[in-house]
2 protein chains.
Amino acid sequence: MATVSKIIPVILSGGGGTRLWPLSTPERPKQFLALTGDQTMFQMTVARVADQTRFAPPIIVANVTHAKMVERQLADVGMDAGALLLEPCARNTAPAIALAALTAGAADAPLLVMPSDHVIADLDAFQRAIDAAMPAVTEGWLVTFGITPTGPETGYGYIEVGEVLGDGLQRVSRFVEKPDQINAARMVADGNHVWNGGIFLFRADAYLAALAAYAPGILSAAKLALKNAQFEGAIVTPDAVSFGESPSDSIDYAVMEKSDRVAVAPVSMGWSDVGSWDALYDLSIKDADGNFCLGDVVQTQCENNMIRGAGLRISIAGAKNLIVIAHGNEVLILPRGQSQNVKALLALHDGDEKKV
Amino acid sequence: MATVSKIIPVILSGGGGTRLWPLSTPERPKQFLALTGDQTMFQMTVARVADQTRFAPPIIVANVTHAKMVERQLADVGMDAGALLLEPCARNTAPAIALAALTAGAADAPLLVMPSDHVIADLDAFQRAIDAAMPAVTEGWLVTFGITPTGPETGYGYIEVGEVLGDGLQRVSRFVEKPDQINAARMVADGNHVWNGGIFLFRADAYLAALAAYAPGILSAAKLALKNAQFEGAIVTPDAVSFGESPSDSIDYAVMEKSDRVAVAPVSMGWSDVGSWDALYDLSIKDADGNFCLGDVVQTQCENNMIRGAGLRISIAGAKNLIVIAHGNEVLILPRGQSQNVKALLALHDGDEKKV
């Protein structure tokens with residue numbers, strides 16, 4: 001049996017989501033916030049692959065505007081990046097991973113691609129799923145990790161699992177777009193579907209070959225952007241014009257849904273994408289009355305609320321099932337279960353600002 | 001019939017209530033806030049007695065720390081005070097009114113004593129009640145205005161009305177302390193009780209005579225404080241040591257409940273003491289969804305809330321029946337109907353501050 005080379009983690013930190021506004025902002029998106037503990041989501045992601053017996057130093061892909069924040073947050077936890085790729089603009093995940101695969105060095109290096117803003121509570125389960133995937137990865141399969149559903153969520157894509165390829169690994173039968181409630185419930189009930197968690201494992205050359213076959217424009221743009229890149233130690237700044245000309249597409253659309261050597265490792269590992277304030281409330285450790293309070297909060301007779309104050313003092317009495325987030329000069333208030341309304345509120349803000 | 005001298009309004013502005021925190025603070029209590037319109041409660045009170053054919057310039061009693069605010073708010077509405085009495089410390093209403101009565105000039109001048117933080121929507125009804133009271137006032141009676149109850153409120157004192165003394169005027173049969181819910185309901189149902197609104201009409205000499213009989217310590221302290229006062233135009237600053245030695249008591253306890261020449265003019269005049277955020281919500285003009293929003297508020301799908309932002313932006317979606325008040329670095333959140341909890345929250349703040 002050949003020596004298996006170390007896995008190279010590829011940490012995708014280019015996102016700028018606003019679902020956790022007002023904490024998450026374009027200047028400091030979710031992955032760079034300490035939402036579930038003392039460390040930021042990014043730092044927790046890096047720590048997840050700190051075992052040097054298994055993992056090489058990570059390749060980090062981030063937006064160029066967040067370069068200093070990435071470096072500071074790495075330094076805070078005493079980690080070094082193998083490479084820090086600074087995207088001059090956002091082109092979704094397929095081009096970002098292309099940059100990483102082209103930077104990886106060894107063509108057969110297995111890349112573990114992970115968003116930097118997910119929670120994985122059960123690391124042992126994750127490791128076992130990685131182990132289950134490795135034989136197929138070595139043979140050139142593209143592997144995605146399929147999260148065992150805990151409910152009929154409509155906010156995720158689903159994967160229908162097919163033929164068993166090995167212990168803990170199955171062929172992907174079909175990718176399913178974010179479903180409606182009825183279809184979500186049906187898929188969860190049939191036991192044959194998992195959530196698409198956006199975590200992948202494959203050889204660098206397998207991904208690049210798939211890009212060449214299914215998304216050659218992305219591959220050529222990434223190559224040109226790296227050819228004309230600036231290099232400064234571990235920091236790589238791809239050429240903005242070349243990278244900007246790349247099609248913008250997700251790895252799912254560009255590659256995974258098209259290749260026929262795509263497998264899924266189903267795993268139950270306490271995963272969450274912390275995609276809303278409600279999701280964060282669910283993850284938080286509450287007091288006996290079901291409240292999660294952080295910061296300058298004064299409360300009495302409150303039940304089942306999430307109340308986070310930063311810079312402002314929140315005084316709240318008799319409230320039930322509320323989400324209250326204060327940050328800077330912004331105060332967000334939602335009933336629990338309605339945190340998807342953040343988007344509508346932000347759209348109203350944009351309206352305000354256009355009027356000014 | 002003798003010429004009736006003009007009524008001298010006595011406006012009591014010494015209160016420092018905290019029930020409308022965080023807008024109301026010791027530095028800027030409720031009466032100096034614009035809560036129901038463009039004018040402050042104090043300015044609306046002054047405007048209520050602006051008719052110079054009926055009223056002399058008002059005597060204003062305020063805490064010395066609010067002197068500049070009183071002068072500025074008077075100037076804003078183009079009003080002059082007949083006298084501005086600056087209390088060096090708070091000694092409740094009986095000593096404050098003693099200062100005013102001793103300053104009034106003519107001994108037989110009728111004094112209309114009014115808190116500066118009440119709403120009176122129906123001024124004609126108030127004027128008619130004043131007219132109804134005047135004959136008894138001229139004869140030396142102490143008259144209080146009794147608010148026709150609109151519900152079994154437990155936050156007010158009640159007055160049991162007795163023998164009819166004239167058109168719209170009855171002898172006070174009994175003062176009743178703030179009742180419990182059952183007694184409040186009983187009193188409202190029997191139609192024989194009115195709320196004690198804290199508005200009074202009497203001759204200066206009648207009040208001073210009652211003080212001499214029932215609260216001589218208050219009278220002598222007020223006299224000494226004025227004897228040693230500083231005078232500067234209309235501004236009178238009573239001597240702090242003398243005034244500080246006065247017993248602290250309300251006009252109700254010190255005089256009204258003891259004198260036997262006490263009458264009540266029952267009146268329904270759209271009165272409110274705006275004693276809570278709930279009371280203010282009730283007074284506010286709401287939109288079609290029952291919301292009252294003021295300041296930098298961005299909302300969608302909200303119903304029956306009062307949301308006031310000052311300096312902070314409040315973004316709120318899907319909320320029902322909430323009171324949200326942002327001011328400076330403070331955010332207050334309460335379900336409607338629970339605004340009495342402001343006191344409990346403030347007590348928790350005090351606890352915090354003691355710990356520091």
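I started with polar contacts across the interface of chain B and chain A, and the rule gives 16 residue pairs, both partners at pLDDT 80 or more. I'm keeping in mind that this is a predicted model.

Next I looked up which elements of chain B supply the side that touches chain A. Those giving two or more residues are β14 (292-300), β15 (306-317), β16 (322-327), β17 (330-335) and α11 (342-355) of chain B. β15(B) gives the most, with 7 residues. By residue class, that side of chain B splits into 17 nonpolar, 11 polar and 4 charged.

Salt bridges came next. I count 2 between chain B and chain A. I looked at the one between B:Arg313 and A:Glu330, where the closest N and O atoms sit 2.8 Å apart. The bridge counts because a side-chain nitrogen of Arg has to be within 4 Å of a carboxyl oxygen of Glu, and the pair is listed at 2.8 Å.

Then the overall extent of the contact. I get 32 residues from chain B and 32 residues from chain A. The buried area between the chains comes to about 2500 Å², with carbon and sulfur atoms giving 55% of that. Which three residues supply more of the area that chain B buries against chain A than any other three? They are B:Arg313, B:Ser315 and B:Ile333, which supply 26% of it.

Strand β17 (residues 330-335) of chain A is joined to β15(B) by 4 bridges, and the two strands run parallel. Opposite A:Leu332 I find B:Ser315 in β15(B).

Most peptide bonds are trans, and most residues other than glycine have a negative phi, so departures from either were what I searched for.

- In chain A, the peptide bond from A:Trp21 to A:Pro22 is cis, omega near 10 degrees. A:Pro22 lies in the loop between β1 (8-13) and α1 (41-47) of chain A.
- In chain B, B:Trp21 and B:Pro22 are joined by a cis peptide bond, omega about 5 degrees. B:Pro22 is in the loop between β1 (8-13) and α1 (41-47) of chain B.
- A:Val274, which is not glycine, has a positive phi near 45 degrees. I located A:Val274 in the loop between β13 (271-272) and α10 (277-283) of chain A.

Note on methods
Residues numbered from 1 in each chain as written. Chains lettered and ligands numbered in written order. Predicted model: local features only at pLDDT ≥ 70, side-chain atom pairs only at ≥ 80, totals over all residues. Heavy atoms only, no water. Contact = heavy atoms within 4.5 Å. Buried area = accessible area lost by both parts, 1.4 Å probe. Polar contact = N/O pair within 3.5 Å; in protein donor to acceptor, adjacent residues only side chain to side chain. Nonpolar A, V, L, I, M, F, W, Y, C, P; charged D, E, K, R; others polar. Pairing = 2+ DSSP bridges.
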